[in-house]
Amino acid sequence: RADTGRIVRLAIEPEPLCVLETTPETLAFFTRLRAAGDAAGCGPAVREHLGLCYDVCHQAVEFEDAAEAITALTAAGIRIVKVHVSCAIELEDPGDAAARAALARYAEPRYLHQTFARTADGRILRDVDLSAALAVAPPTEWLRAAAWRTHFPVPVNLERLGPLRTTRGDVGRALAAVARLGLRPHIELETYTWPVLPGAAPTDVIEGLAQELVATRDLVAAAGIA
């Protein structure tokens with residue numbers, strides 16, 4: 001910084017079923033972090049250099065409201081350094097066997113696909129990884145849930161994947177909150193799952209990424225972010 005005037009910041013990223021996963025946990029963590037920094041005499045450096053990476057897919061999987069989460073984080077003085085533009089998969093009707101069979105195609109071993117279900121009374125069920133067995137023959141409580149969401153980033157230009165939905169709407173709401181609050185985070189498109197997307201061929205990747213970048217540009221513009 002002394003040489004270039006540039007500031008390097010570390011963006012801590014909550015993720016489902018990790019040490020930090022929900023917005024309330026993140027708020028509590030930063031409260032403890034800042035108290036420890038103040039006690040150690042480095043509170044200003046903590047506030048200047050430690051911030052948050054808000055991954056839209058991660059928080060959507062938790063069934064959080066993106067606008068409410070970003071507003072709460074900003075109100076607590078937590079700097080949102082980076083926003084990952086990414087979409088999760090949503091199973092709208094867990095009772096639909098055909099839709100669950102479609103979801104089972106996304107069970108693969110390379111990446112971790114944490115899967116959550118929200119029950120009719122608002123409780124959240126969790127499974128550390130999507131499996132074909134969970135999708136095809138889920139426990140009764142999962143079968144009767146209102147919806148499922150799976151941490152499998154899918155192209156942000158898509159609202160549907162056959163009988164499945166994506167959480168693309170959360171991206172728009174997150175970016176609108178960023179604009180409304182006057183934030184200037186680094187915005188990164190993050191779909192790393194192209195090699196394991198069901199039915200995707202290697203020749204599809206360049207065209208798919210181009211479509212995602214155009215869609216992200218349009219979402220950023222629609223949110224009013226310069």
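Helix H5 (residues 97-104) lies across E4, E7 and strand E9 (164-166), running at about 150 degrees to E4. Here axes are lines fitted to C-alpha atoms, for helices over the stretch in contact, and angles run from 0 to 180 degrees between N-to-C directions; contact denotes heavy atoms within 4.5 Å. Helices (H or I, at least four residues) and strands (E, at least two) are DSSP runs numbered from the N terminus. The model is predicted, with local features requiring pLDDT of at least 70 and side-chain atom pairs counted only at pLDDT 80 or more, whereas totals for chains, interfaces and linings use all residues. Residues are numbered from 1 along each chain as its sequence is written, and side-chain values use heavy atoms, with hydrogens and water left out.

The secondary structure of the chain comprises nine helices and ten strands. Its C-alpha trace spans about 55 × 40 × 30 Å along the principal axes. The radius of gyration, taken over C-alpha atoms, is compared with a globule rule of 2.2 Å times the number of residues to the power 0.38. For 226 residues, a compact globule would have a radius near 17 Å, and the 19 Å of the chain agrees with this. Buried residues account for 45% of the 226 residues, where buried means under 20% relative accessible area, exposed over 50%, and partly exposed in between (1.4 Å probe, protein chains only). Of the contacts between residues at least 6 apart in sequence, 76% join residues at least 24 apart.

Six strands form an open sheet in the order E6-E5-E7-E4-E9-E8, with antiparallel pairing. Its edge strands, E6 (124-127) and E8 (160-161), each pair on one side only; two strands are taken to pair if DSSP finds at least two bridges between them. Within this sheet, strand E4 (residues 87-91) and E7 are joined in the antiparallel sense over four bridges. Cys 87 stands opposite Val 154 in E7, and Thr 150 of E7 is the bridge partner of Ile 89. Strand E5 (residues 115-118) likewise pairs with E7 in the antiparallel sense over four bridges, and Arg 118 has Ala 147 of E7 as its bridge partner.

Strand E7 is largely enclosed by the rest of the structure, because eight of its eight residues are buried. Both of its faces are covered: Ala 147, Arg 149, His 151 and Pro 153 are buried on one side, and Trp 148, Thr 150, Phe 152 and Val 154 on the other.

Strand E7 also contributes to the cover over the buried residues of H9, which includes strand E3 (80-85), strand E7 (147-154), helix H8 (168-180) and strand E10 (186-189). The 20 residues of helix H9 (residues 204-223) should span 28 Å at 1.5 Å a residue, and its end C-alpha atoms are 28 Å apart, in agreement; the expected span is 1.5 Å times one less than the number of residues. The buried residues of H9 are Gly 208, Glu 212, Ala 215, Thr 216, Leu 219, Val 220 and Ala 223. They cover an arc of only 140 degrees around the axis, which puts them on the same side of H9; the arc is that of the directions from the helix axis to the C-beta atoms. Exposed residues Ile 206, Leu 213, Arg 217 and Ala 221 are carried on the face of H9 turned away from its buried side. Glu 207, also found in H9, counts as partly exposed at 48% relative accessibility. Glu 207 and Asp 129 are 78 residues apart in sequence and 29 Å apart in space, C-alpha to C-alpha. Just after H9, Gly 224 adopts a positive phi of about 85 degrees.
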